[in-house]
Amino acid sequence: MADVVLTEETQEIAQRTPKQIAWGRFKRNKVGVFAGYATLFFLACSILAPLITRAFGVDNHTIYSGVLNEFAMPKGAWGGVSWQHPLGIEPGVGRDVFALLLYGSQLSFLVAFISTFASIAIGMLIGIATGYFKGKVDASVGRFADFLLSFPGTFMIIALSLPLVQRVEATGIAHDNAARILVLVIFLVFFGWTGFYRLVRSQTMSLRERDFVMAAQAMGASSWRIIVKELLPNLWPTAIVFISLSLPGYIAAEATFSFLGVGVQAPASTFGLVLSDAVGYWRDDPAYLLIPCTILIAIVLSLNLLGDAIRDALDPKAGR
Amino acid sequence: MLKYLARRLSATLLVITLVSMSVFGIFAVLPMDPAALTCGKACSAPVIEANRHRLGLDVPVTVQYGRFVKGLFVGRDFGEGAAKFHCPAPAFGYSYNRHECVTTLVAEAFPVTLSLAVGAFVLWLSVGVSLGILAARKRNEWQDRAATAFVLVGTSLPTFISGLLILLFVALKFNLINPIEMGRWVSPLEDPVAWFRTFIFPWIVLALLYAATYTRFTRSNVIETSSEDYIRTARAKGLNERDILRKHTLRAALAPIVTLAGLDFAGLLGGAIITEGIFNLPGLGRLSIRAVLRDYDLPTILATTILAAVFVVVANLLVDILYAYIDPRVRVAS
C-alpha cells in the first residue's frame, strides 16, 4: 500500500469549505464564467430597460414617423438597423424593436422567475414532507404526480387559459395582461412542480437514513429541527442546480406560449409575440425575425451553459 | 407474471376512467359556454337554449359523461328529428361547427400525427443513441465535445424557433416543400416521395429536440455502466471491446431508454401542437388547437385531450410490461 500523498491541490482543498470548493471549481470553468457574465448582462439590460431606452432616446410605445417606406417596411438594410434604432424597426407599425425587446424581456424573466421559484417552493415543501414522513399521504401524492404526467400539459394550457383568464378577470384580482400572466404562471407551476418534488423526495428518503439524521433523532431533535437544520442544508445544492436549469426552460416556455397567442397580448411585447408578428414579414424583412430569434437563443443558451457550470461545480459526478 | 399483468391492466383502466372524468369535469366547470358560441352576434336566449339542448349540455355533467361513455361503446345519436345524426361506435361526440362526428375528424388526423411521430422517433432514436455512445466512447475528445455542443443547441432551441427557422429559411427559401401539399394528408402507400417531402422537415425539427436529450442520457448511462465491476471482469477475461460494448454495456445502459422512448413517443401521438401548427400539418395537434382557437369546439377538445392522455397511460402500461420482460427484478419486486 502506498502512503497517502497529499498534493498541493488536495491540501488546498482540505482547508476549504464546500462552498469555497464549488466556487473554485466554477471559476476554473471558462465557459461557465462567460455564460455567467452574459446572463448578468441580459438580466441587467432587462431590469434597467427604462434607463437604457432613455439613453438611446427610444421607447416601446412611440410610433416613429419617417422610418417606414411606402410599403410599411423599414427603410434601410437589416430591418432599419441604425444608430437611433439599434435593432431595427417593427414593420407595419413603426415601433423600435430594441425597446420592444428590452421591455419584453422583463415580462419573460418575470414569468420565468416566478414560475421557477414557485415550482421549487412547492416541490421542496411536498418533497420533504412526503419523503420524510412517508405513509399514505406520500403514496397518494406520488399517484397524483404520476396522474398529472398523463395529461397533455401544453394543450391543456392553451385550451383552458382563455376561460380561466375570463374567470380571473371576473373576480377582479387582475386584468388584461396581469390576468394572463397570472394564469400562465399558475399553469406552468401546476404542471411543473412534479419534477423537483420527485428529486427532493428521493433525496430526502436517502438522507433520512444517514447517520447524522439518526444521531439527531437519538438526541431527541424534533422533526421540524431535523428538516430545517439537517435536511434543508443538504438539499440546497440540488435546489440551486434545479433553479439554474429550469430558468431557461421557463423562458422558452413563455416565449412559446406567447407565440401561440396564450399569455401576454399586444400592445405589450415579448419575444414570442414579436416572433409571431415577424413570421408575416419573413420574406421582406427577415432581420425582424432573425434578430429577436438570435437574442432569445443567446439568453436561453447562456442560462443553460451557466446551469451546466453550476451543476458541475456543485456536483461534479452528475451527468459528466 | 400473469398476476402482475392483471393488476397493471386494471390499474390502467382505472386511470383512464379518472383521466377522462377529470377532463370532463375541468371543461365543465369553466365559464366558457359552447352553446353561446354556436350562433353569431344576433343570438337570442331561446336559440342558445335550443342549441344547448341540441349539444346535450342542458343536463348535469355526470349525465353528459355517462352519455359520452355509452357513445364510445354503442354509438350515439345527436340532435332530433330531421337534423338527427348518427355516429357509430366509438362515438367521441359530434362537432356542430364542422358537422362531422368527432371520431371521423380524429380518424382523418391520426395518420398524419402517426407519420410524424414514427419518422421523428426513428430519426431521434438512431441519432441520439449513436451520438451518445460515440461521445461516451471518445470521452473528452473532439467527438464528445461536438456531441455536447449538439446537446446544448438542441435543448436550448425552443421547438417553435427551430421549426420557424427550418421552415422559412431552408424549406421555403429553397423551394424544398410545397406549402399546399403540406396541408393535405398524403399516404406513403400512394405517393412515397410526396409523403417524405412533406414530413422530412417536421421530423428534423422534432428529432433535434429529442435527440439532444437522448444523446445526453445515453452518454451518461454508457459512462456509468462502463465503470461497473462486471465490465471490468469482461475485459479481464479477454473479451474484445466490441463484444463488451454490445453484450454487456449497452444492454444495461439502454434499458432505461425503453421507458423514456415509450413515453415520449406516446406524448407525440396525442399531437405535436407546435410542429404541426408551424408546418400546417393536418394532424391531431392542429385539429385540437383549431378547435380551441377558432370556435371552442368542445366535443373535439374533449376527445383530443382524452385521447392524448390515454396514449400516455397505455404507453406507460406497455413500457412497464416490456421492462418487466427485460429486467426480471421488476417482476420480483412487484
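## Basis

The model is predicted: local features need pLDDT of at least 70, side-chain atom pairs count only at pLDDT 80 or more, and totals for chains, interfaces and linings use all residues. Residues are numbered from 1 along each chain as its sequence is written, while chains are lettered from A and ligands numbered from 1 in the order in which they are written.

## Chain A

Chain A has 13 helices and zero strands. Helices (H or I, at least four residues) and strands (E, at least two) are DSSP runs, numbered from the N terminus. The C-alpha atoms of chain A fill a box of roughly 80 × 55 × 30 Å along the principal axes.

Of the 320 residues in chain A, 41% are buried. Buried means that 20 or more other C-beta atoms, placed from the backbone, lie within 10 Å of the residue's own. Contacts in chain A with a separation of 6 or more are 70% between residues 24 or more positions apart. Two residues are in contact if their C-beta atoms, placed from the backbone, lie within 7 Å.

## Helix pairs in chain A

H6(A) (residues 97-133) and H11(A) (residues 223-259) have axes that come within 8 Å and cross at roughly 145°. Axes are lines fitted to C-alpha atoms, for helices over the stretch in contact, and angles run from 0 to 180 degrees between N-to-C directions. This crossing of H6(A) and H11(A) is right-handed. A crossing is left-handed if the near helix is turned anticlockwise from the far one by less than a right angle, and right-handed if clockwise. Residues in the contact include Ser108(A), Val111(A) and Tyr132(A) of H6(A), and Phe242(A), Tyr250(A) and Glu254(A) of H11(A). By class, the contact of H6(A) with H11(A) has 15 nonpolar, six polar and one charged. Ala, Val, Leu, Ile, Met, Phe, Trp, Tyr, Cys and Pro count as nonpolar, Asp, Glu, Lys and Arg as charged, and the others, Gly among them, as polar.

H3(A) (residues 30-47) and H13(A) (residues 286-314) pack at about 135°, with their axes 8 Å apart. The two helices H3(A) and H13(A) are therefore oblique to each other. Oblique covers the angles left over when those under 35 degrees count as roughly parallel, over 145 as roughly antiparallel and 65 to 115 as roughly perpendicular. The crossing of H3(A) and H13(A) is left-handed. Gly32(A), Gly36(A) and Phe42(A) are among the H3(A) residues that meet H13(A), whose partners include Leu303(A) and Leu306(A).

## Chain B and its domains

Chain B has 14 helices and four strands. Its C-alpha trace spans about 85 × 55 × 40 Å along the principal axes. Of its 334 residues, 39% count as buried.

Chain B is divided into domain 1 (2-78 + 90-102) and domain 2 (108-333), with bounds from an automatic or database domain assignment. The C-alpha centres of these domains of chain B lie 32 Å apart. In chain B, 21 residues of domain 1 are in contact with 20 residues of domain 2. H1(B) gives the largest share of the domain 1 side, 12 residues. That side divides into 15 nonpolar, five polar and one charged.

## Interface between chains

Here 31 residues of chain B are in contact with 29 residues of chain A. H13(B) provides the largest share of the chain B side, six residues. The chain B side has 25 nonpolar, six polar and no charged residues.

Note on methods:
A residue is buried if 20 or more other C-beta atoms lie within 10 Å of its own, exposed if 12 or fewer, and partly exposed in between; C-beta atoms are placed from the backbone.
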